[in-house]
Amino acid sequence: MNLKLARDNGAATDAERRLASPLAVRGLTVSYGQKPAVFSVDMTVRAGHMTAIIGPNGAGKSTLLKAALGILKPLAGTVTVLGQPVAWRRDHIAYVPQRASVDWDFPTRVIDVVLMGMYGQLGLLGRVRPRHRAQAMDCLERVGMADFATRQIGQLSGGQQQRVFLARALAQGADLYLLDEPFAGVDAATEQAIITVLKGLRDAGKTVVAVHHDLSTVRDYFDDVFLINTQAVAEGPVETTFTQENLQTAYGGRLAGAQMDALAETLSGTSAR
Amino acid sequence: MIWEALTLGLGYNATLVTLGAAILGIAAGVGGSFLFLRKRALVSDAISHATLPGVGLAFVVMVALGGDGRNLVGLLAGGAVSAAIGLLCVNWLTTRTRLAEDAAIGAVLSVFFGFGVVVLTYIQTMSSGRQAGLEGFLLGSTAGMLQSDALVLALAAALTLALVLILRRPLTLVAFDPDFARATGRDVNRIDLAMMGIVMAVTVVGLKIVGLILIVALLIIPPVTARFWTERVDRVLLGAGIVGGLSGYIGAAISAAVPDVPTGPIIVLVGAALFLISMMCAPGRGVLSSVLQHRQYQRRVHLRQGLLALAQGQPIYERLTRRLMEQRGLIRGDGVATEEGRAHAARALLDEARWHVVRNDQAYAAAAQRYDGLTEMQKVLTPDQIRDIDARLPAPQVMMP
């Protein structure tokens, strides 16, 4: 396996870096039935950076994310957050699921969805006080959805729904943000709004990990990439890791010629930089 | 007579039954709400049918121990135990095998119910069994309800309500977005079991009044009815409680006032009537409202198209368009525009031109999303913004009013 690890600091050992990583995965295998979707994957996310998880359809991108979060039970492997089991550190993690994973006809308003991100903080019976509401409104403001606070969620467009999900994650007040295809099927304005928020989080020292499918925007949006095709293919900063060679390995020749040509442009931009 | 029943004037026993049914209705409506929101309404059918063998076996055991086989608490406890086993069976089959939930429900429901019928048939052959009246648990029977029975019922219902209120946040989270619930560290399977446990409690409590075949209706009809009226979970709960309570109260009162009318089925029919009324008349989600909204929207489209055609000097062919415009005095009978019609048409054209500018400018992307060909720009943008847009219009259109 051609696994290139990022060398932030030549002196740091693997173990040290895992301990400091906001999300470190080791030997993770997840399978549906007898066929592994993710096989023996190691991933060490750099703190304060934006990482894209990239790979072809069915490569296990979402599965990796869900297993890291404990939504799926792995067959083998460990997931640590700052060196501790993920279950102990849940309040440090915010999650944005795929938009299509829920029923948008559910009887709830935009502001109520954002408040769901604060249920942990509210407890079972804690009253929703004005300051909680203000905090939720602030999160909606950051994604440009404050005007929609009292709308039923079914009335929103796809991009608006995605922004509401992001606002809910913001309301969780976490240090690590995991997003599953946040840009899938959204309009250009939403994509801009989301990436601005995510970069803002990164600049504030938070860590962002997103499953991403649009290879042409990887270079603009992310600092690090993690290439996966059931097994880990490569990991590291975009400049050194997001290469034609690694992409071909990950996509197993499934990248069409035209896609490759379009990418070559952004890729050649690297070597010049 | 009905009025007397509704005002609790038909004597002690009828009052007891009516109040008991109302309390049960509230508990069932609220308890069933999350089942409905989680889209697992049919689980309650499996749970209710799974109570039968427990009730029968409890009777047999109590008689064998030399007690009175008809002790309500004992029978209900038996029903609860077998319902819990049935529930765990459904849960196990869905989470641990490849069986889909509907198939698991079908299997558990029929097997438990079949076993229950066998037990009841055996009881019929027992000397003390003929007066047992266990058939009453199938369709409910309120004859000879004791004060202690009503008290047990009220207590259990209150407990159920309290449990739903305490667990409402995790239950909402799991019903809306189970993946997110798991990601925030909640044990979705346990929360689901709690939800079904609540439903089980309501079912067992409701066996005596509504019977196991119809209790499903009392769990599901109220939240479905409430859903027509609101877009919020807390109000679905509130509405379901009201609908369930009303169904129980009115249904029990009717059956007390009219001789030889069974209580359980009437309660369910009252609930169904409330459901029908809501389905037709509720604003927003109701059938009538949808039809009206559609008609209204259609008229707006026709009017707008007619005005734009007028402004561009094109003839109007569609009959509906012509009729609508004539009614509003925008055109004459021969299709020629009136003074007012020309003014409206010019305004529509100007609006359309303004929208064209907005939709081609990234700076107005948010506003452009609200373009539907009908909404006037004044409702979306401020006068200042419109002035800015007007400045960029091709010259001749700015001249228009």
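Reply: This is a predicted model, and the labels are taken in turn below.

Me: Why is B:Phe34 called buried?

Reply: The cut-off is 20 or more other C-beta atoms within 10 Å. B:Phe34 has 29. Therefore B:Phe34 counts as buried.

Me: Where does B:Phe34 lie, and which residues does B:Phe34 touch?

Reply: B:Phe34 lies in helix H2 of chain B, residues 12-37. Leaving aside residues up to four places away in sequence, B:Phe34 touches B:Leu171, B:Ala175 and B:Met195. B:Leu57 is 23 residues from B:Phe34 in sequence and 31 Å away in space, C-alpha to C-alpha.

Me: What makes E1 and E2 of chain A a strand pair?

Reply: Pairing needs at least two bridges. Seven bridges join E1 (residues 23-32) to E2 (residues 35-45), so the two strands pair. They run antiparallel. A:Val30 stands opposite A:Val38 in E2(A). The hairpin has two residues between the strands, and A:Gly33 takes a positive phi near 70° there.

Me: What is the secondary structure of residues 72-93 of chain B?

Reply: That span is 100% helix and 0% strand. Its end C-alpha atoms are 31 Å apart. Residues 105-125 of chain B are also 100% helix and 0% strand, with end C-alpha atoms 31 Å apart. The unreviewed UniProt entry annotates "transmembrane region" over several spans of chain B, including 72-93 and 105-125.

Me: Which domains does chain B have, and how far apart are their C-alpha centres?

Reply: The domain assignment gives domain 1 (2-283) and domain 2 (288-398). Their C-alpha centres lie 55 Å apart.

Definitions and conventions: Residues numbered from 1 in each chain as written. Chains lettered and ligands numbered in written order. Predicted model: local features only at pLDDT ≥ 70, side-chain atom pairs only at ≥ 80, totals over all residues. Helix = DSSP H or I, 4+ residues; strand = E, 2+ residues; numbered from the N terminus. Domains from an automatic or database assignment. Buried ≥ 20, exposed ≤ 12 C-beta atoms within 10 Å, placed from the backbone. Contact = placed C-beta atoms within 7 Å. UniProt positions renumbered as here; feature names shortened; annotations may be inferred.
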